[in-house]
Amino acid sequence: MEWEVVIGLEIHAQLATKSKIFSGASTEFGADANTQACAIDLGLPGVLPVFNEEALRMAVKFGLAIDAEIGKRSVFDRKNYFYPDLPKGYQTTQLHHPIVGKGYIDIELDNGETKRINVTRAHLEEDAGKSVHEGFGAMSGIDLNRAGTPLVEIVSEPEMRSAKEAAAYFRKMHSIVTYLGICDGDLSQGSMRCDCNVSLRPKGQAEFGTRTEIKNVNSFRNVERAIESEIQRQMDILEDGGRIIQETRLYDADKNETRGMRSKEVANDYRYFPCPDLLPVIIDDDYIDAVRATLPELPDAKRKRFVEVHGLSSVDAGVLSANRELAAYFETVAETVNDYKLAANWVQGDVSATLNRLEISIAELAVSAEQLGRILQLIKDNTLNNGGAKEVFNALAEGKGDGSVACIDSLVDSMGLKQVSDTGAIEAIVAEVLAANAKLVEGYLATPEDKRAKAIGPFIGLVRKAAKGVNPQVVMDVLQKKLNELG
Amino acid sequence: MALEQDQVLAIAELCRLQISDAEVAEYQKNLSNILDLVDQLAAVDTSDVAPMAHPLDAVQRLRADQVTETNQREHFQKIAPATENGHYLVPRVIE
Amino acid sequence: MHNKTIAQIARELAAGEYSSVEITQALLSRIEQLDPVYNSFITVTPEQALAQAKAADELRAAGQAGIWTGVPMAHKDIFCTNGVLTTCGSRMLGNFVAPYDATVVSNFNAAGAVCLGKTNLDEFAMGSSNESSFYGAVKNPWDLERVPGGSSGGSAAAVAARLVPGATATDTGGSIRQPAALCGITGIKPTYGRVSRWGMIAYASSLDQGGVMTRTSEDAAMMLNVMAGFDPKDSTCVDRAVPDYTATLNDSIEGLTIGLPKEYFSADLDPAMAQQVRAAVAEFEKMGAKVKEISLPNTHLAIPVYYVIAPSECSANLSRMDGVRFGHRVADPKDINDLYKRSRSEGFGAEVKRRIMVGTYALSAGFYDAYYLKAQQVRRLIKNDFVEAFKEVDVIMGPVTPTPAFRAGEKTSDPVSMYLEDIFTIALNLAGLPGMSIPCGTVNNLPVGLQLIGNYFEEGRLLNLGHKFQQATDWHQQAPAGLV
């Protein structure tokens, strides 16, 4: 049978506030256990929450970025369940009146088309703490530093039809929240996590099949792999005539398989009700407009501008706009050299290759955008040829120079990379090369006119070998002239 | 409204209370009486009445995003039943 | 020394008639001597109290004393006190030495008051007789066979027995006014949001409100001056200036309209009580007030609404009592669920468990609309009754309780009969209005309370009326028979 895959994602993004959603404790990552859990985060008797204005602003910013309805009256609810990392025995979240309503984002498919994925809603809630299972014998250790960190939970419609689409959606959301500066996007620290709802149905059938939910997937690659493996598992069961059980599953990246979770399977009844310690959050148009005025250019708009104004290809524009830091780097280079295409080639070529080779992020690259811009200027004014530019770039990437733009020019000098364009000097070199390679010259002269363009290649190599930094165009002109004079 | 025995046990499970077999009948009776008391509400016409969660129709105040709390782990963990290396201890939770 | 009011102590300390250490010592001795009978305190803190008194005397010697400097009082054991056991009447918090101060506690500390200890209460403030405390029932000083009311029964009995001139208290459904009435003292529950709830252990968050118990309206005004006010730590606390409640105590009440809700003088009310309440109202008429009969038609729905909303909120509020970070923890738990279930079952008493169960049920899937949502709607109808009434009258008066103090054990086996005790008090909490109880007579040598209900933030008016009444009558000066 032919199956259709149905995927919906719930993405949790930690908001980059300094303090927690309902307390003045720090949200900084990596502190010693429970040193950033204040009385409110610990849920001590008698404590009360007060809502962080920055969490509100960030959530509204997100809503505006996905063109969503903004909840002018949002309400916090209590979601009741017992778990050791949930100190109050309830999570403060938003059920009926979320801060962000229906919105959408567009994702790019492999065939170059875009697909719109609708967002059902996004709401504010508090994160839970962490249970540590190693190092405490038969016990688990509870660290509540993360408890109370503000989250937006972004719920998509079940509109994705493949693991690739789901990964593209997750990437795009990552790109949007990091562009907005509302989430640091650090997947390794759990700043963004994703729950994947996956089901299969016979192609053409209207109603959905039974779904499973894969909890807490935390990398782009794992979203794709986890969903792939879950699709395969469900398909195997269905093909055998079995039934899917609605359940929560975990993805084991080492084994590349999902497995059912035991602990969360007790039938839960969350008994949501409005939190009586918090009041309705009311915002007006003025507030929304003020937040709107702070929206940066978002990836889609940037991509469009790269194509329409600067003439980049759609694919290049997509790659260069996806990541906020990379895009900013690229634009600085492009503006410095005043050539977007040249900058695009370099950023996607040597820059990307270097990042991959050194396993670093663009922020850690030793070559600043201004420096690369200067290098490209030197190509444009014929001071450097491409090979020389690469050498300078690599030298900088390995820590040479003092980080300044000025150091580029002195490096070019000290490394002897300055391109020779002086025709007289090149003529002398060419003459030497031709004299030393008489056989080659004979062969060239025997070549018919129409094939000589190709036969000139070996001479160019020899000239460049004899003298570094010669301008290839000048070499070509001189060679042609001299050879033609000979025959 | 009378509650069944298994309803009483299901409620107790949800709110993590342990109820002995001997207590079930007592809870059944008392909870049913309380529910009878509140069942009077069903007869009230509330078709056009907005629910009221707070006595004053007030609006949430916002707190500036500032870190105001310092580390008080020692102080808070003095009253904890079991801690180790700064963590609260519970019987191992399996996922 | 024990018969002195707060106002008197403040004056006499200022006049140097005695020191704070002296009066503190005198009251501590009295507590030590008499409280084994009443059981009104869970924790007495003589060392801290004497240290505070000494500091107060030094402040006074340095010429830096305020009105409250060195005046003794007590806190209901529902307010967190840094470094002092805070049990909330529960075994669950039997080892909970609060690591921080409630705002109310900080306010009294800052004013220079001397806290003698923490008073007894129904477990987690759930009860109307103070029989549900894990630390034993409190006795009514007027008749040791009878209950002092609840949940602030410890504060009420301690004030009535002259162990302390004033104590803080809380009121979720009548927990200040009912014990004040049953113990023949003055108690006021302010408008919801007037007093910070930070550090006040929550029972039902949208109903709980801190208030005071004293012997006179003047003392209540003095205490409220310290307690009331905006607190940025409580989202539900109201940012509104606090008037000096003592400044308006003597205002004229000429021409004021008093509303008497006909539903409060129904068959539920003991006729002898009704007579006392009406006599008290007549006293106000003598002072120039007018009386008008009004109707609060949804009065009978207040108890059903309350017994959905309060248990629902408490079922979530008490989930944090899980034996993980503080409080009672069972020995040798098998697994996490065993830890939760046995710790909570051992830690909570029967009434608390009942209310948690009722609330859990009311919020559970399939019942939410019929119970919780419905109750919230009817809650608005109840509030609207008062809003309408206050278009016609300035203040509402009536009884606090249907009967005087009942016998201990009389209602413990039938929870619903206990709930009905709060029939005249509970609607105010649902509406968030301020209410006060002042002594206005006795029936069979047991005190009767008059309830004064004000419009939002009209605490000053209630205290004014209470003070005028207490200037004209001496019911508030009557002490329990046989009190030494």
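In the predicted model, 19 residue pairs make polar contact across the interface of chain C and chain B, with both members of each pair at pLDDT 80 or more. On the side of chain C that touches chain B, at least two residues each are supplied by α9, α10, α11, α12, α13 (415–419) and α14 (426–431) of chain C. Of these helices, α12(C) gives the most, with 11 residues. By residue type, this side of chain C divides into 40 nonpolar, 15 polar and 15 charged residues.

The contact between these two chains takes 70 residues from chain C and 49 residues from chain B. About 5,300 Å² is buried between chain C and chain B, and carbon and sulfur atoms account for 67% of this area. Within chain C, the residues that lose the most area to chain B are Met357(C), Tyr361(C) and Arg380(C), which together make up 14% of what that side buries. Two salt bridges are counted between chain C and chain B. A salt bridge joins the side chains of Lys341(C) and Glu13(B), with an N to O distance of 2.5 Å.

Chain C also meets chain A. Here 39 residues of chain C are in contact with 30 residues of chain A. The two chains bury about 2,700 Å² between them, of which 62% lies on carbon and sulfur atoms. On the chain C side, Ser235(C), Arg320(C) and Arg325(C) lose the most area to chain A, and together they contribute 23% of what that side buries.

Polar contact across the interface of chain C and chain A involves 14 residue pairs, both residues of each being at pLDDT 80 or more. Four helices of chain C, namely α9 (302–317), α10 (336–347), α11 (350–363) and α12 (369–389), each supply at least two residues of the side that touches chain A. The largest share of that side comes from α9(C), with four residues. The chain C residues that touch chain A comprise 19 nonpolar, 11 polar and nine charged residues. One salt bridge is found across the interface of chain C and chain A. In a salt bridge between these chains, the side chain of Asp277(A) meets that of Arg197(C) at 3.0 Å, N to O.

Over all chains, the count comes to 48 salt bridges. Side chains of opposite charge can pair when their charged atoms come close. Within chain A, Arg161(A) forms a salt bridge with Glu4(A), the closest N and O atoms being 3.3 Å apart. This pair links distant parts of the chain, its members being 157 residues apart. Arg161(A) lies in the loop between β10 (150–156) and α3 (163–180) of chain A, whereas Glu4(A) belongs to strand β1 (residues 3–14) of chain A.

The domain assignment of chain A gives domain 1 (10–199), domain 2 (297–414) and domain 3 (423–486). The centres of domain 1 and domain 3 of chain A, taken over C-alpha atoms, are separated by 66 Å. In an unreviewed entry, UniProt lists residues 328–483 of chain A as "domain: Asn/Gln amidotransferase". This span of chain A is 71% helix and 0% strand, and its end C-alpha atoms lie 48 Å apart. For chain C, an unreviewed UniProt entry lists residues 22–463 as "domain: Amidase". The span 22–463 of chain C is 37% helix and 14% strand, with its end C-alpha atoms 30 Å apart.

Most residues other than glycine have a negative phi, and most peptide bonds are trans. In chain C, the peptide bond from Gly150(C) to Ser151(C) is cis, with omega near 5°. Ser151(C) is located in the loop between β3 (114–119) and α5 (153–160) of chain C. In chain A, Asn216(A) is not a glycine, yet has a positive phi of about 55°. Asn216(A) is part of strand β12 (residues 212–217) of chain A.

Conventions
Residues numbered from 1 in each chain as written. Chains lettered and ligands numbered in written order. Heavy atoms only, no water. UniProt positions renumbered as here; feature names shortened; annotations may be inferred. Contact = heavy atoms within 4.5 Å. Buried area = accessible area lost by both parts, 1.4 Å probe. Salt bridge = Lys/Arg side-chain N within 4 Å of Asp/Glu carboxyl O. Polar contact = N/O pair within 3.5 Å; in protein donor to acceptor, adjacent residues only side chain to side chain. Nonpolar A, V, L, I, M, F, W, Y, C, P; charged D, E, K, R; others polar. Domains from an automatic or database assignment.
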